[in-house]
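I set out here what I looked up in this structure, one topic to an entry.

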Amino acid sequence: MSQGRPAHLRARDGALLRGDVVDVRPAGSMVQVRLNVAGWRPAVPGQFAMVRAKESHCFLARALSVHSEAFPAGPDAPARVSFLIAPVGNGTQELTRLVPGDEVSVLGPVGRGFDLDTLVRPVSSPAGPPARLLVVGGGVGVAPFLFLLECLGRVPAADRAAFGEILVLFGFRDELQAAAADLFERAVDDLRAVGVDVRLDVICEDGSLGRAGLVTLLLEEELRREDVVVACGAHAMCEAVWDLCLGAGGAEAWFSLEAGMACGVGSCQGCVVPVAGGGMAKVCRQGPVFRGSEAFGESLHPCLSPEGSGS
Ligand SMILES: Cc1cc2nc3c(=O)[nH]c(=O)nc-3n(C[C@H](O)[C@H](O)[C@H](O)COP(=O)(O)OP(=O)(O)OC[C@H]3O[C@@H](n4cnc5c(N)ncnc54)[C@H](O)[C@@H]3O)c2cc1C
Ligand code: FES
């Protein structure tokens, strides 16, 4: 029935699966947790899973973006699925305290991910500069982009050639949180090895890596109208990124949005957020990836519009 639908829509319905913890590695203030998951179907970057320890004090599973996935050879070999977790509360702390051999439940992959077909064929005027892909992550919002970069490294060379460059722009609170950027160096090297022009820039709010500032400072310096932006981070960061896109003359952008989630599959209304045009959307089903105009509309934030300034 799903034949003929684009891949990012086709792969959205996951299954409730058993995961076995393979390893748990600190990455600065975050933690990378790798699982063996038998029956895991290939995900699309931006999709997520609802994850809960088998022995848990939490009633609900927690939403986690797919950080990486691999399918080792062998007919019965389970998939290797990784998550990058910021231990902010009970659920995420519990998951980062797991040890190899522990069991978790994994509902996934679920949600609507980034449409790779659109990202690798950006709209660009033949006369203008080549389109670039700008990958913007803030804090644990960098999590889905390892998987995205890994997938971009595997697209056919002819499609990759559509990009002038890939710029990965990450913003963190401090140096400890920024240690997570090291996880991306191998994927960046792999992209370079297949001929992609790619750069990773990191900025910290406290200036511990040089200049102090938010990731939007890096984006503002780079952004051109022809660029395609994908972003994930705090809601305020996403809004600021979209304002920069509009200010740059309408750069295309997609956002992975966060919302409190209970079921993760569209049944509870727990993740409903207001979207452009006065509507509401379930982040778990209609998202978490939304086009900028769909999520935030076509006009600048009131504080930035000419009518709003100076008040
Ligand atoms: C689609 C989607 C993908 C996500 N992907 C990831 C991911 O890859 N890695 C990851 O670590 N998280 C991710 N999250 C966020 C994660 O689901 C929440 O952080 C988690 O549900 C919080 O659960 P908790 O029990 O640890 O904290 P709670 O007990 O729910 O909250 C404890 C405290 O932490 C605060 N808090 C909650 N969430 C956050 C947050 N995101 N940042 C800062 N403070 C917070 C709360 O305000 C509260 O004060 C994702 C969320 C969504 C919707
Ligand atoms: S989390 Fe239940 S409807 Fe989205």
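**Entry 1**

I began with helix α4, residues 143-152, which lies across β8 (132-138), β9 (165-172), β11 (228-232) and β12. Its direction makes about 160 degrees with that of β8. I note that the model is a predicted one.

I then asked how many residues of α4 are buried. The count is 9 of the 10, so α4 is largely enclosed by the rest of the structure. The buried residues are Ala143, Pro144, Phe145, Leu146, Phe147, Leu148, Leu149, Cys151 and Leu152.

**Entry 2. The chain as a whole**

I recorded 10 helices and 15 strands for the chain. Of its 311 residues, 44% are buried. I also looked up the contacts between residues at least 6 apart in sequence: 70% of them join residues at least 24 apart.

**Entry 3. The sheet of 6 strands**

I traced an open sheet of 6 strands, ordered β10-β9-β8-β11-β12-β15, with mixed pairing. β10 (198-204) and β15 (289-291) are at the edges; each has a single partner strand, so one side of each lacks a neighbour in the sheet. From one strand to the next, the twist averages 15 degrees.

I followed β12 in both directions. With β11 it pairs in the parallel sense over 5 bridges, and Val228 has Glu252 in β12 as its bridge partner. With β15, strand β12 (residues 252-256) runs antiparallel, joined by 3 bridges. Ser256 is the residue opposite Val289 in β15. I found β12 mostly covered, as 4 of its 5 residues are buried.

**Entry 4. Val229**

Setting aside neighbours within four places in sequence, I listed its contacts as Leu134, Val136, Val241, Cys245, Ala251, Glu252 and Ala253. I also looked up Ile166, 63 residues away from Val229 along the chain: the two C-alpha atoms are separated by 10.0 Å.

**Entry 5. Helix α8**

I next asked which residues of α8 (residues 215-222) are buried. They are Val215, Thr216, Leu218 and Leu219. Viewed down the helix axis, these buried residues fall within an arc of 155 degrees, so they line one face of α8. I recall that an α-helix has 3.6 residues a turn, so residues three or four places apart point the same way. The cover over the buried residues of α8 includes β8, β9, β10 and α9 (235-247).

**Entry 6. The sheet of 7 strands**

I traced an open, antiparallel sheet of 7 strands in the order β4-β3-β7-β1-β2-β6-β5. Its edge strands, β4 and β5 (68-70), each pair on one side only. Direction ignored, neighbouring strands of this sheet are turned by 35 degrees against each other on average. Helix α4 packs on this sheet, where it touches β4, β5 and β6. The direction of α4 makes about 45 degrees with that of β5.

Within the sheet I checked β3 (residues 48-53) and β7 (residues 103-110), which pair in the antiparallel sense over 5 bridges. Ala53 has Val104 in β7 as its bridge partner.

**Entry 7. The surroundings of ligand 1**

I counted 21 residues around ligand 1, the closest being Ser65, Gly89, Gly91, Thr92 and Ala143. Which element supplies the largest share of this shell? It is β4, with 4 residues. β4 (62-65), β6 (79-85) and α2 (90-96) each contribute at least two residues. Sorted by class, the shell holds 14 nonpolar, 5 polar and 2 charged residues.

**Entry 8. Backbone geometry**

The peptide bond from Gly108 to Pro109 is cis, with omega near -5 degrees; Pro109 is in strand β7. Another cis peptide bond joins Gly287 and Pro288, with omega about 10 degrees. Pro288 is in the loop between β14 (280-282) and β15.

Gln269 is not a glycine, yet its phi is positive, near 70 degrees. I located Gln269 in the loop between β12 and β13 (272-274). Gln269 counts as exposed, with 10 C-beta neighbours inside 10 Å.

Technical notes:
Residues numbered from 1 in each chain as written. Chains lettered and ligands numbered in written order. Predicted model: local features only at pLDDT ≥ 70, side-chain atom pairs only at ≥ 80, totals over all residues. Near = placed C-beta within 6 Å. Nonpolar A, V, L, I, M, F, W, Y, C, P; charged D, E, K, R; others polar. Pairing = 2+ DSSP bridges. Axes fitted to C-alpha atoms, helices over the stretch in contact; angles between N-to-C directions. Contact = placed C-beta atoms within 7 Å. Buried ≥ 20, exposed ≤ 12 C-beta atoms within 10 Å, placed from the backbone. Arc of directions from axis to C-beta.
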